[in-house]
Amino acid sequence: MDGSTSAWTESDYSKESIKLCVNKIKDEFGQQFSNSKSILEQHTHTMTIHESELPDGVVFAETKEDVQKVVKICSEYKCPIIPFGVGSSFEGHINAPYGGISIDMNNMNKIINVYQEDLLVVVQPGVTREQLNTHLRDTGLFFPIDPGANASIGGMTATRASGTNAVRYGTMKDNVIALEVVTPDGQIIKTANKARKSSAGYDLTRLMVGSEGTLGITTEITLKLYGIPEVIAGGRVSFPSVKDATDAVIMTVQAGIPVARIEFLDTAQVIAVNNYSKTNLPEAPLLLLEFHGSEASVKEQSELFGEIASDFGGNDFEWTSNSEDRNKLWKARHDAYWSCKAVRPEAEIYSTDVCVPISKLSDCITETIEDMKKNQLIGPIVSHAGDGNFHVALLIDKKSDEELKKLDDFLIRISERAIRMDGTCTGEHGVGQGKRKYMLKELGGAVDIMKKVKNAFDPNKIMNPGKLFL
């Protein structure tokens, strides 16, 4: 495939044309537009060491018509567009390497309709997962996808997010029923109706979920909902080694125990959590679990898991349905990012993730820990163990060329390690800018097909350019 149809270069975008586009959008949107330096910087902030690349202006969209208008103007001037949610992405998704217009979706935060009988909800992309679940509380329903941060539903859709509940409830690709999307030429389309399944044509919903803003901008999202379980119980158990803990996970999954969450923390992460969250967890490889269901089923699940844990050397398995105790445990898990930051406050965090078949999880984590020890890197590990997905929070001094070189080399090794084990360079963070270099090694010729899809949707290369592909 001709590289000219895929790679982005500065020559694809005229600075003069972008300037004219910015001026026209400024005239059209008035106070909804800003190009102040502080606003531009806020719309490239990422939670990692990726350098910020600023857009030329920001539009605060309030309606889908606003989004459509911005896209049409940008299409006319061939000006890049970068959708913005809450800025919690890790891989440079919201950077503007070629300038252009950032469209801030946070004011599009209405919950449009809850269809209780159908277990569905329609939301705008600026709705956050916590906002949605607070709204749903009195209905007896909830939305289970929990990536940790209070991310926007639009951003979660764009990156195909998942999180701690994915082992039972799936990822965003499993829970998005339909989308309303503004295409790169300014059309507003819907990808499906509200039926739970369809055989009508190409599955554009799944194509858009995980496209990272490169094919269009989502303006409405229809999601699956679930009944709030009668009983939610949490548990924890420590193991002698990483292998013992991950073998217990494999056996739990193979036994068909429907755990809602099964999270692994390595010893370094447990120590960090204890210091930051003032917990008193044993300083050893740890599994945190959650069971959902009736009182009888939760009790049965917990007892079955306890037997499995014991077979693999699990010590002091404790579980509770007391919400205060359970919430304290999971609050500590969700604060893992900040606990890592506290390990080395002067350093920056580079959080990376990979995913492998669960049979390879122990090997991949063990090799990764040994890799960090050998190269004197600090990187506590947490894992959505039931999915074979794990995260490393590397603490790096950006002023040290030596540490930055070690980081670059490590990132290559961990991604290639996961791919060698028939896994992926990213289980849930997405590709953005940070994982582009591994796409060809992981997917081979399929990348050329993806590029053809991108070019068919967006021949002017204006939708979040510089992401997904090199």
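Which side chains meet in a salt bridge with 3.2 Å from N to O? They are those of Arg344 and Glu346, and the close-ups below begin with them. This is a predicted model, in which local features need pLDDT of at least 70, side-chain atom pairs count only at pLDDT 80 or more, and totals for chains, interfaces and linings use all residues. Residues are numbered from 1 along each chain as its sequence is written, and side-chain values use heavy atoms, with hydrogens and water left out.

**View 1. Arg344 and Glu346 pair through their side chains.** A salt bridge here is a side-chain nitrogen of Lys or Arg within 4 Å of a carboxyl oxygen of Asp or Glu. Arg344 is buried, with a relative accessible area of 16%, while Glu346 is exposed at 59%. (Buried means under 20% relative accessible area, exposed over 50%, and partly exposed in between, using a 1.4 Å probe and protein chains only.)

**View 2. Asp335 forms a salt bridge with Lys331.** The closest N and O atoms of this pair are 2.6 Å apart. Asp335 counts as buried because its relative accessibility is 14%; Lys331, at 49%, counts as partly exposed.

**View 3. Glu290 forms a salt bridge with Arg261.** Here the closest N and O atoms are 3.4 Å apart. The pair links distant parts of the chain, with Glu290 in strand β14 (residues 286–293) and Arg261 in strand β13 (residues 261–265), 29 residues apart. Both partners, Glu290 and Arg261, are buried. Helices (H or I, at least four residues) and strands (E, at least two) are DSSP runs, numbered from the N terminus.

**View 4. Val298 sits in helix α11 (residues 295–311).** Val298 counts as buried because its relative accessibility is 1%. Leaving aside residues up to four places away in sequence, Val298 touches Val231, Ala233, Phe291, His292, Gly293 and Trp319, where contact means heavy atoms within 4.5 Å.

**View 5. The second largest pocket has a volume of about 660 Å³.** Of the 35 residues that line this pocket, the closest to its centre are Arg160, Gly210, Met439, Met450 and Leu468. Helix α17 gives the most to the lining, with 5 residues. A pocket is an open set of points on a 1 Å grid over the protein atoms alone, where a 1.4 Å probe fits, with protein on both sides within 12 Å along at least five of seven lines; lining residues have an atom within 4 Å of a point. The volume is the space filled by probe spheres set on the points, which are joined across faces, edges and corners.
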